[in-house]
Amino acid sequence: MQDAPARADLVFRGATLIDGSGADRVAGDLAVSGDRIVAIGDLGRTAATDEIDASGLVLCPGFIDAHTHDDRALVETPDMSAKISQGVTSVVAGNCGISLAPLTLDSWPPDPLHLLGDQTYYRFDTFGGFVEHFDAAPSAVNAGLLVGHTTLRHRHMAGRLDRPANDAELARMETDVGAAMADGAIGLSTGLDYAEAVEAPTEEVTVLAQAAGRHGGLYASHTRDYFDDVEGAIDEAIGIARDARLPLVLSHHQVSGAANFGRSKRTLALIDDAMTRQEIGLDVYPYNASSKTLDPQRCQPGVRVLITWSDSHPAMAGREIADIAAEWGCPPIEAATRLVPAGAVYFQLDEADVQRILAYPRTMIGSDGLPYDAFPHPRLWGTFPRVLGHYARDLNLFTLEEAVHRMTGLPAATFGFADRGLLRVGGHADLVLFDPDTIRDRATYTDPKQPADGIHSVFVNGEAVWQAGRETGARPGRVLQRTS
Ligand code: ZN
Ligand code: CU
């Protein structure tokens with residue numbers, strides 16, 4: 001306990017405080033001045049410029065979205081409504097090998113870079129240029145930024161990505177990783193099952209991971225295989241991080257395809273064992289369908305696939321591949337071939353695996369939302385309320401305190417975001433006030449752009465960004481450095 005200040009800018013009165021560490025809730029008040037939490041406890045004698053009656057509501061640290069593709073959103077649609085409406089106050093962007101910087105393009109970006117939009121958005125020749133742009137015109141949320149391996153391959157490999165980088169190319173990519181780290185990146189990401197990166201050998205990634213590690217960075221890995229060789233792919237990522245001596249984050253952990261249902265028992269055992277020897281984190285989104293760019297080979301008969309956007313046939317967004325194929329009188333694979341470039345939701349995860357991975361105590365929550373899909377996977381708007389409402393409250397998969405920890409204290413420690421993710425005096429005032437009885441995701445596969453119920457208000461660095469069911473227009477976000 002500290003002495004209560006005589007005055008503060010803002011006091012939340014009578015809240016249920018969940019501090020992000022996993023500890024049990026306590027009743028209390030919390031005071032904010034400037035961008036910091038200045039007192040926690042019984043603050044009945046503290047006068048405040050603004051007061052919020054928080055009775056019946058949970059006050060906790062703002063949620064950290066451990067896995068996003070928000071690079072473009074951070075600079076193009078900085079209100080970040082899909083995120084702040086669910087209580088997210090910080091995002092980790094640049095995942096799956098795809099970062100907007102450093103890369104300039106003058107023609108249509110190849111798969112999977114087009115997941116962030118057309119060539120006009122690839123206009124940052126240095127990582128520092130992107131950071132400066134953000135600093136000059138911040139978004140509503142904070143951002144930790146990864147530099148993407150596939151982005152660097154495009155930058156240096158002269159359009160021929162169906163091969164390993166040669167020595168000269170690898171040396172240039174390595175220099176870029178170092179420069180990005182010096183400019184504020186928190187690490188390297190890869191997406192080794194995408195066509196543009198699949199020919200990159202383990203050694204290529206290890207060299208780049210070493211460069212990130214030398215600057216205190218981590219390695220976020222969308223692994224080489226989420227299907228039949230999922231364990232081999234996890235082994236590869238663990239080996240890269242071990243050899244490069246840096247922490248690993250296994251992105252959107254899942255086991256895909258009906259033949260692999262139940263296999264998360266083995267993958268989690270593998271990860272659990274490796275964690276005794278090295279620093280490993282993992283994230284998951286709380287849905288039993290995945291989403292990425294459309295791969296016609298995945299459109300086998302019997303696999304349910306929903307089109308999220310199509311550049312060649314925009315009107316098909318929101319329709320299933322089987323319907324489109326029937327209308328066109330062709331097999332699903334051919335319909336998909338006509339639809340690319342495109343994005344898709346694939347219904348090929350097992351709910352029991354999703355719950356097993358969520359329940360694993362070291363799993364963080366990451367939306368993997370795709371902000372510019374015409375008809376996005378509902379994880380974009382629904383991830384965090386879905387964990388708190390559906391999985392914690394309704395299914396009792398874990399306590400509310402545990403759910404909050406997985407989206408606050410745990411990711412803050414994993415990514416090294418100092419003074420965030422916990423309710424602590426002196427910490428940054430990233431806060432969410434929500435109703436534990438009504439919090440609920442409303443985004444669905446058929447109506448995906450719906451804000452959640454139950455979020456009362458959201459604060460970033462002490463400023464309200466979401467109140468009374470809408471954006472305030474404030475954009476107090478900052479680029480987050482990693483402190484190891
Ligand atoms: Zn990915
Ligand atoms: Cu991703």
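1. Buried means under 20% relative accessible area, exposed over 50%, and partly exposed in between, with a 1.4 Å probe and protein chains only. By that cut-off C96 is buried, at a relative accessible area of 2%. H222 is buried as well, at 4%.

2. The model is predicted: local features need pLDDT of at least 70, side-chain atom pairs count only at pLDDT 80 or more, and totals for chains, interfaces and linings use all residues. Residues are numbered from 1 along each chain as its sequence is written, and side-chain values use heavy atoms, without hydrogens and water.

3. The zinc ion (ligand 1) is held by C96 (SG), H222 (ND1) and H252 (NE2), at 2.0 to 2.1 Å. Donors are N, O and S atoms within 2.8 Å of the metal (3.2 Å for Na, K and Ca); water is not among the atoms, so sites may look incomplete. Along the chain the zinc donors are spaced C-x125-H-x29-H. C96 sits in the loop between β7 (88-93) and β8 (103-104) and H222 in strand β12 (residues 218-222), so the pair ties together parts 126 residues apart in sequence. Strands (E, at least two residues) are DSSP runs, numbered from the N terminus, as are helices (H or I, at least four).

4. C96 coordinates both metals, which lie 3.0 Å apart.

5. In helix α10 (residues 332-339), P332, A335, A336 and L339 are buried. Seen down the axis, the buried residues of α10 fall within an arc of 100 degrees (taken from the directions from the helix axis to the C-beta atoms), so they line one face.

Key:
Chains lettered and ligands numbered in written order.
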